[in-house]
Amino acid sequence: MRKFLLTILAAGSLAAANAQSAGSILVYGNVGFNTGKDSAKTTNTNFNINPGVGYALNNNWVIGLQGGFGMSTSKADAGEKYTDNSFSIGAFGRYTKHLGNVFSVYAQLDAGYMGRHSKTEYSGVTMDDIKYSGFGANLYPAVSIAVGNWFGMNFSFGGLGYSTMKANTSGANASSSFAFTFGQTANIGISKYFGCGHHMNGRHEPGDDTRQMDRSDDDDNAPKAHHHDKKSKKSKKDKDS
């Protein structure tokens with residue numbers, strides 16, 4: 001039990017060295033993939049990746065850039081295939097509340113440009129090929145758990161989303177949608193802060209290796225003491241003579 005408690009304390013101290021601080025750089029991302037076959041013998045495959053990089057204003061706020069790419073494919077045995085690719089790029093703001101050295105919770109708002117390309121094929125012949133563009137925003141809460149001094153594991157379970165998209169075809173009207181997905185989706189990602197814990201890790205400050213050493217305690221008078229010894233030996237020799 002004692003060893004277990006010491007291990008927890010050691011992990012907490014390492015996590016503190018990797019905690020968010022003013023001027024540190026946050027890098028995060030998550031990747032998702034799943035595939036399966038439904039009762040209609042249609043194979044569904046989904047893939048998404050969402051990276052981001054931000055700058056910490058203080059111990060709570062981070063602002064930065066985020067993006068994402070997603071791909072969804074449905075393929076039926078009858079020869080029908082549907083693909084839907086999407087991407088986004090924009091800014092984000094994150095507010096974090098630290099619950100000790102290991103656990104923290106945060107709320108993040110993503111907003112930016114969105115693009116989408118959907119295509120329907122049947123036996124190799126394209127039936128529909130439509131591109132969309134628009135704007136989207138997403139607000140979601142998450143929990144982060146520090147894994148030693150290496151990275152943080154992030155868990156989110158949906159949130160609030162809004163988007164407005166318009167097809168790039170003549171006469172098309174924009175369509176807007178609002179989604180509440182809290183508790184309906186799950187995402188797992190990792191994050192890492194760089195440039196923090198400089199003094200806590202015992203690193204040298206710039207110029208430490210070029211500073212002159214204090215030599216005030218050196219025996220700079222050694223030659224004089226040696227000369228005095230020579231004079232003493234000469235006087236003793238004269239007396240002996």
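Mentor: Before we start, a word on pairing: two strands pair if DSSP finds at least two bridges between them. Strands are DSSP runs of E with at least two residues, helices are runs of H or I with at least four, and both are numbered from the N terminus.

Trainee: Thanks! What sort of model is this?

Mentor: This is a predicted model, where local features need pLDDT of at least 70 and side-chain atom pairs count only at pLDDT 80 or more, while totals for chains, interfaces and linings use all residues. Residues are numbered from 1 along each chain as its sequence is written, and side-chain values use heavy atoms, with hydrogens and water left out.

Trainee: How many helices and strands are in the protein?

Mentor: The protein has 2 helices and 10 strands. Their order from the N terminus is α-β-β-β-β-β-β-β-β-β-β-α.

Trainee: Which way do strand 6 and strand 8 run?

Mentor: Strand 6 (residues 125–147) and strand 8 run antiparallel, joined by 8 bridges. Gly136 has Ser163 of strand 8 as its bridge partner. Strand 8 also pairs with strand 9 (residues 175–180), again in the antiparallel sense, over 6 bridges. There, Gly161 stands opposite Ala179.

Trainee: And where do the side chains of strand 8 point?

Mentor: They alternate along residues 160–167. Gly161, Ser163, Met165 and Ala167 point to one face and are buried, meaning under 20% relative accessible area, with exposed being over 50% and partly exposed in between (1.4 Å probe, protein chains only).

Trainee: New topic: how many salt bridges does the structure hold?

Mentor: It holds 1, a salt bridge being a side-chain nitrogen of Lys or Arg within 4 Å of a carboxyl oxygen of Asp or Glu. Arg116 pairs with Asp84, and their closest N and O atoms are 2.8 Å apart. Arg116 is in strand 5 (residues 103–122) and Asp84 in strand 4 (residues 80–99), so the pair ties together parts 32 residues apart in sequence.

Trainee: Is Asp84 buried or exposed?

Mentor: Asp84 counts as buried, because its relative accessibility is 14%. Arg116, at 33%, counts as partly exposed.

Trainee: What about Leu57, where is that?

Mentor: Leu57 sits in the loop between strand 2 and strand 3. Its relative accessibility is 45%, so Leu57 counts as partly exposed.

Trainee: Last one: what share of the 241 residues is buried?

Mentor: Buried residues make up 24% of them.
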